[in-house]
Amino acid sequence: MTTAFSSDGAQAIQRTLGTLATAGSTGVEALDEVYRIEETCTFILQNELHKVALQFSDDLLVDSAAVAAKLEKSTGAKMYILGDTSYGSCCVDEVAAEHVGAEGIIHYGRACLSPSRRLPVMHVFGRKAVDLERCAESFREHYPDTQSHVIILYDVVYSFIMGSLQHILESEYANVVMSQISTDGTQCYSPRQTDKPHEVAQAETNPNQTDAQFVRKFGRQFALREGSSLEDYRIFYIGQEGVTLTNFMMTFNQCSFYTFDPETRAGRQESVNINKALMKRYYLIERAKDSKVVGILVGTLGVADYLSIIDHLKDLIKKAGKKSYVFVMGKLNVPKLANFLEIDIYVLVACPENSFLDCSEFYRPVVTPFEMEVACNKNREWTGEYVTSFRDLLPGACSHVEFPNPGADGDDTDVSLITGALRSSYWNNSESQDNLPSSSLVQRNPTLTVAQTNPAASFLASRSWQGLEQKLGETPVTKAVEGRRGIAIAYEEEGNS
């Protein structure tokens with residue numbers, strides 16, 4: 001029996017599915033070079049690791065068994081292949097590694113290079129094919145002036161060509177700055193490049209180089225010329241369009257970008273309207289200002305200081321007069337977040353490459369920690385500067401902004417740019433009542449007692465259906481009767497009709 005609302009499943013069984021093209025496995029002769037087997041063995045032996053987790057991205061899993069076998073044979077250590085990740089594949093999955101008692105992690109493929117703290121980590125990016133001469137030619141076509149100030153950035157899978165590209169360009173362009181991979185943290189390692197970029201080597205050997213001229217962002221570092229600033233440079237990016245490029249463009253939004261795609265061998269001027277993207281993010285900030293109940297989504301359990309930023313957000317949201325709830329639910333999707341209707345907006349704590357979540361399909365907006373801080377912290381103003389790494393917001397970091405002074409308690413009123421209604425901008429610097437000793441006396445404030453109710457409880461009270469009610473003593477007692485047999489699609493008493 002089939003109806004408009006059900007079927008017997010025959011259509012799903014008979015449906016023809018297309019197969020996705022997958023990359024072929026790496027040849028045995030190239031395995032050692034692509035996956036840096038010798039350097040990996042050195043890393044394992046030097047750290048005396050007996051159990052090692054090998055984390056592969058989906059496109060590299062085809063080589064995982066061969067790589068694990070080579071490493072086990074060379075080191076005698078036990079290898080565990082992590083085929084799936086708790087969150088994004090660009091992050092080191094320390095949680096999955098700890099499930100098998102691993103003492104270290106080898107991360108293969110693309111990486112966001114977010115620092116980890118629990119286990120020793122080594123990054124092996126692999127090597128994707130690049131036409132080096134075509135890349136240099138594309139650079140010359142877009143920058144005919146040999147005195148141009150250009151910073152070269154790249155996806156990590158193309159980091160191995162930087163020494164050769166520098167050798168080609170340095171004789172023609174005197175003001176080109178080559179970036180270098182820089183993993184943050186004492187337990188993070190990456191394969192050493194054969195040729196260290198000229199600008200980085202100069203910055204390391206020049207004692208007069210100031211920290212203001214040395215830039216570190218998203219696992220890359222580069223040094224600017226003395227007397228120049230980032231606004232004086234243009235950026236040449238090697239890689240495909242994606243979250244890595246978006247991160248760079250949002251962070252360095254004062255610079256123009258030109259990209260070279262090694263897969264298509266084509267270069268182009270990036271014409272994405274950064275101002276339009278920033279205005280979209282500002283709209284989400286206005287939504288955050290209008291919100292009363294905030295959900296903090298934990299999008300990583302491996303990036304260093306993720307617990308610190310969660311505590312920072314909880315304190316920030318509470319002082320702004322809002323209510324917060326913390327959610328840990330693995331990979332996010334629309335049905336998961338749709339279960340919590342009382343939440344007005346979510347803030348996602350994740351690595352920089354996973355922070356920009358397309359929330360057009362979600363029932364509630366999803367913002368970054370920086371956007372939530374702009375909405376709640378009166379001392380942080382919207383200037384167009386954008387911070388994608390939540391670690392930069394913590395005390396002592398480069399983009400940290402202190403909370404308002406203790407004497408700044410009070411209620412400010414402004415107008416919502418979305419609804420047009422008056423909006424109360426509340427800030428409370430007083431010590432939480434929960435932190436006071438049980439013997440302390442707290443003066444009752446009749447105004448706040450009425451006005452500051454629990455937002456979630458108020459939402460539940462406003463719903464027409466609030467769940468099943470027991471109604472003890474009001475329901476007559478009846479004998480149990482036999483119920484229906486079968487499944488919902490076809491009960492036995494319904495027959496074949």
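Biologist: Which side chains meet in a salt bridge with an N to O distance of 3.0 Å?

Modeller: Side chains of opposite charge can pair when their charged atoms come close. In this predicted model, the side chains of glutamate 482 and arginine 485 meet in that way, at 3.0 Å from N to O. Glutamate 482 counts as exposed, because its relative accessibility is 62%.

Biologist: How many salt bridges does a search of the whole structure find?

Modeller: The search finds 18. One of them joins the side chains of arginine 36 and glutamate 39 at 2.9 Å. Arginine 36 is buried, with a relative accessible area of 17%, while glutamate 39 is partly exposed at 31%.

Biologist: What does arginine 118 meet in a salt bridge?

Modeller: Its partner is the side chain of glutamate 94, at 3.8 Å from N to O. This pair links distant parts of the chain, 24 residues apart: arginine 118 sits in the loop between β3 and β4, and glutamate 94 in helix α5. Is each one buried or exposed? Arginine 118 is partly exposed, with a relative accessible area of 35%; glutamate 94 is buried, at 2%. Salt bridges with shared partners also join Glu94, Glu98 and Arg118 into one network.

Biologist: Now the strands. In what order do the strands of the open sheet lie?

Modeller: Read the order across the sheet, then the sense of the pairing. Here 4 strands lie in the order β15-β14-β16-β17, and the pairing is parallel. β15 (323–327) and β17 (366–367) are the edge strands, each pairing on one side only. Between β16 (residues 345–349) and β17 there are 2 bridges, and tyrosine 346 stands opposite valine 366 of β17.

Biologist: Which strands does helix α13 touch?

Modeller: Helix α13 packs on the sheet against β14, β16 and β17, and its direction makes about 130 degrees with that of β16.

Biologist: Which strands form a hairpin with 2 residues between them?

Modeller: Those are β9 and β10. Phenylalanine 218, in the turn, has a positive phi of about 55 degrees.

Biologist: Last, a loop residue. Where is histidine 400?

Modeller: Histidine 400 is in the loop between α13 and β18. A polar atom of the histidine 400 side chain lies 2.9 Å from the backbone oxygen of leucine 393. The side chains of histidine 400 and glutamate 402 are joined by a polar contact of 3.4 Å.

Definitions and conventions: Residues numbered from 1 in each chain as written. Predicted model: local features only at pLDDT ≥ 70, side-chain atom pairs only at ≥ 80, totals over all residues. Heavy atoms only, no water. Polar contact = N/O pair within 3.5 Å; in protein donor to acceptor, adjacent residues only side chain to side chain. Pairing = 2+ DSSP bridges. Contact = heavy atoms within 4.5 Å. Axes fitted to C-alpha atoms, helices over the stretch in contact; angles between N-to-C directions. Salt bridge = Lys/Arg side-chain N within 4 Å of Asp/Glu carboxyl O. Buried < 20%, exposed > 50% of the residue type's maximum accessible area, 1.4 Å probe, protein only.
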